[in-house]
Amino acid sequence: MMAPPVKKRKGEKAKNGAPPLDPEAIDCEWWDTFFLRNSSLSGVTVPLDEDDAFKYFFRASKTTFSYICSLVREDLISRPPSGLINIEGRLLSVEKQVAIALRRLASGDSQVSVGAAFGVGQSTVSQVTWRFIEALEERAKHHLRWPDSDRIEEIKSKFEGVYGLPNCCGAIDTTHIIMTLPAVQASDDWCDQEKNYSMFLQGVFDHEMRFLNMVTGWPGGMTVSKLLNFSGFFKLCESSQILDGNAKTLFQGAEIREYVVGGFSYPLLPWLITPHDTRHDPSHPMLAFNDRHEKVRSVAATAFAQLKGSWRILSKVMWRPDRRKLPSIILVCCLLHNIIIDCGDYLEEDVPLSGHHDVGYSEQYCKQSEPLGNELRGFLTEYLQR
């Protein structure tokens, strides 16, 4: 937790020349006002319990919400929100600014609708949300990083214990963030296989559906295998900076290195194991391996469904987003996803935990296959038959 800011005396000038923050003028009772205004909206079933209602609106418990505020407080206070005045004429508290931003990201509602829910204008919602995104992007980096060796061993143990695949470090998948683009910006690069304009998000997840790595910003019109090749994750794996820990002996003459699992859209590599293509050879060992493989891979699919269900700005069609800013919005939603898990928070009931995150998209087969990857997949297939 960050130390609280030092209060300035009335009349004291802020360092940047902005008006001083008078604690008595800050709106600290925002939640009561918000709850009264939004708890009985038509067509909306808000939980009766206040804590559950808070979670319903902001996807975070009050404890997690306080932690998020602590991460960005210093940044939001260091640039006093002059001009961010609500209709009662009081400055927005850090808590209310965070609440506005979280509601915008969680609901995906328009800035006008979110503003009406808080009694502020559209421009205030826009400015507050972007300030929050910039701050959290910088202050929450430690919630999304590749695990150390001890943590990797724990992840491998959990994957093997629950799903039966030894030495597995995670599951990789991709999803599309759909958007509309002005005609002058529209191009075949951004038009994907389903004729939508979209931006790719690739994630690697552990057994708890936590992001271990992510990449975004690339056009949805490219192939998944090309996206992988352009990612920093690919470079780290190819240079043995990650997925290069302890190998495991499966049986005599068969040793399996660390790897992640991915679907048919990915190439078969020594560190990325894909399913067998059983369309022409549906043998029992291959089907048995694919069944086990799919259970692990579903962790990534469920994680994306959870991400898009919680932070619904990602599941709705974005209206002409700034393509330079959109990756930051996506990253912050991924950081919030991890923060919820890291804080031991729970999922809201109306967040979908089943179904595919890319409804209407079919998986495209990648024919790339490295001999060593094929050999290691064969070892795993035989191991599961023993």
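The report below starts with the whole model and then visits a few places within it.

## The model as a whole

This is a predicted model, in which local features need pLDDT of at least 70 and side-chain atom pairs count only at pLDDT 80 or more, while totals for chains, interfaces and linings use all residues. Residues are numbered from 1 along each chain as its sequence is written, and side-chain values use heavy atoms, with hydrogens and water left out.

The protein has 12 helices and 10 strands; these are DSSP runs, helices being H or I of at least four residues and strands E of at least two, numbered from the N terminus. Of its 386 residues, 51% count as buried, where buried means under 20% relative accessible area, exposed over 50% and partly exposed in between (1.4 Å probe, protein chains only). Take the contacts (heavy atoms within 4.5 Å) between residues at least 6 apart in sequence: 70% of them join residues at least 24 apart.

The mean pLDDT is 87, and 86% of the residues reach 70 or more; pLDDT is the predictor's confidence in each residue, from 0 to 100. Over residues 1-26 pLDDT stays under 50, and the model has 28 contacts beyond four places in sequence for this stretch. Where pLDDT is low, the predicted coordinates should not be read in detail.

## Two helix pairs

Let us look at helix α4 (residues 94-107) and helix α5 (residues 111-118), which pack at an angle of about 140° with axes 10 Å apart. Axes are lines fitted to C-alpha atoms, for helices over the stretch in contact, and angles run from 0 to 180 degrees between N-to-C directions. The two helices are therefore oblique to each other: angles under 35 degrees count as roughly parallel, over 145 as roughly antiparallel, 65 to 115 as roughly perpendicular and the rest as oblique. On the α4 side the contact includes Ala-99, Ile-100 and Arg-103, and on the α5 side Gln-111, Val-114 and Phe-118 take part. By class, the contact residues are four nonpolar, two polar and three charged; Ala, Val, Leu, Ile, Met, Phe, Trp, Tyr, Cys and Pro count as nonpolar, Asp, Glu, Lys and Arg as charged, and the others, Gly among them, as polar.

Helix α6 (residues 122-139) packs with α11 at an angle of about 65°, their axes 9 Å apart. Among the residues in this contact are Trp-130, Phe-132 and Ile-133 of α6, meeting partners such as Leu-331, Val-332 and Leu-335 of α11. Here the classes are 10 nonpolar, one polar and one charged.

## A histidine in α11

Helix α11 (residues 326-342) also holds His-337. Is this residue buried or exposed? His-337 is buried, with a relative accessible area of 2%. Beyond its neighbours within four places in sequence, His-337 is in contact with Met-209, Phe-211, Ala-303, Gln-306, Leu-307 and Trp-311.

Ala-247 sits in the loop between α9 (232-238) and β6 (248-251) and is partly exposed, at 41% relative accessible area. Not counting residues up to four places away in sequence, Ala-247 touches Asn-167, Glu-255, Ile-256 and Arg-257.

Asn-167 belongs to the loop between α7 (149-163) and β3 (168-180) and is buried, at 5%. Most residues other than glycine have a negative phi. Asn-167, however, has a positive phi of about 65°. Arg-59, in the loop between α2 (50-58) and α3 (62-78), has a positive phi near 65° and counts as buried at 6% relative accessibility.
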